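Me: Hi! I'd like to get to know this structure a bit. Can we go through it together?

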Amino acid sequence: MPELIAYTDGACSGNPGPGGWGALLVATRDGAVVKERELKGGEPETTNNRMELMAAISALEALERPSTLTVVTDSAYVKGGITAWLHGWKRNGWKTSTRKPVKNEDLWRRLDDAQARHSVDWKWVKGHAGHPENERADALARAGMAPFKPKKG
């Protein structure tokens, strides 16, 4: 059975501003890449955190059947939220430990639903540190943002 890894990244020009997300899905067998799929998209007015979430959501929602995979993100916000904070937010009625509403609740709920179908191991990598697949996900996020950036000239 192939190993499946999703590399995800978000980008924003201004925060808020035009943003994009990208995901690189890689299936390997015995260490060799057997299949890749690139996903990207964007929005005209958003935040970096929303695009980081959309990258992970889109990767998980793109899988047609329940899968075992690793999601690799350079977002401490996504990694921390999904692995450490989500349970408490849900228990507290989508409030933080300081009783404030959870930011991006709509996307956290969507990510929670998307991951529920799968067996997901979440990994964090340092962004912009030469990790080839993370750099590709970043390039996809910037390409997803491109249609929404104002034209120079």
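Me: By class, what residues does the lining of the largest pocket have?
Reply: The lining has eleven nonpolar, two polar and six charged residues. Here Ala, Val, Leu, Ile, Met, Phe, Trp, Tyr, Cys and Pro count as nonpolar, Asp, Glu, Lys and Arg as charged, and the others, Gly among them, as polar. This is a predicted model, where local features need pLDDT of at least 70 and side-chain atom pairs count only at pLDDT 80 or more, while totals for chains, interfaces and linings use all residues. Residues are numbered from 1 along each chain as its sequence is written, and side-chain values use heavy atoms, with hydrogens and water left out.

Me: What counts as a pocket?
Reply: On a 1 Å grid over the protein atoms alone, a pocket is an open set of points where a 1.4 Å probe fits, with protein on both sides within 12 Å along at least five of seven lines; lining residues have an atom within 4 Å of a point.

Me: Which residues lie nearest the centre of the largest pocket?
Reply: L4, A27, L63, R65 and S67 do, out of 19 lining residues. Strand 1 (3-12), strand 2 (17-29), strand 3 (32-46) and strand 4 (68-73) each give two or more residues to that lining. The largest share, four residues, comes from strand 3. Strands (E, at least two residues) and helices (H or I, at least four) are DSSP runs, numbered from the N terminus.

Me: On to the helices. At what angle do helix 1 and helix 3 pack?
Reply: Helix 1 (residues 48-62) and helix 3 (residues 105-116) pack at about 25°, with their axes 9 Å apart. Axes are lines fitted to C-alpha atoms, for helices over the stretch in contact (heavy atoms within 4.5 Å), and angles run from 0 to 180 degrees between N-to-C directions. That makes the two helices roughly parallel, a label for angles under 35 degrees.

Me: Which residues make that contact?
Reply: From helix 1 they include L53, I57 and L60, and from helix 3 they include W108 and L111. The contact divides into nine nonpolar, one polar and four charged residues.

Me: And how do helix 2 and helix 3 pack?
Reply: Their angle is about 95°, and their axes are 11 Å apart. They are therefore roughly perpendicular, which covers 65 to 115 degrees. In helix 3, W108, L111, D112 and Q115 meet residues of helix 2 that include Y77 and W89.

Me: Where is the cis peptide bond?
Reply: The cis bond joins N15 and P16, with omega about 15°. P16 is in the loop between strand 1 and strand 2.

Notes:
Parallel < 35°, antiparallel > 145°, perpendicular 65-115°, else oblique.
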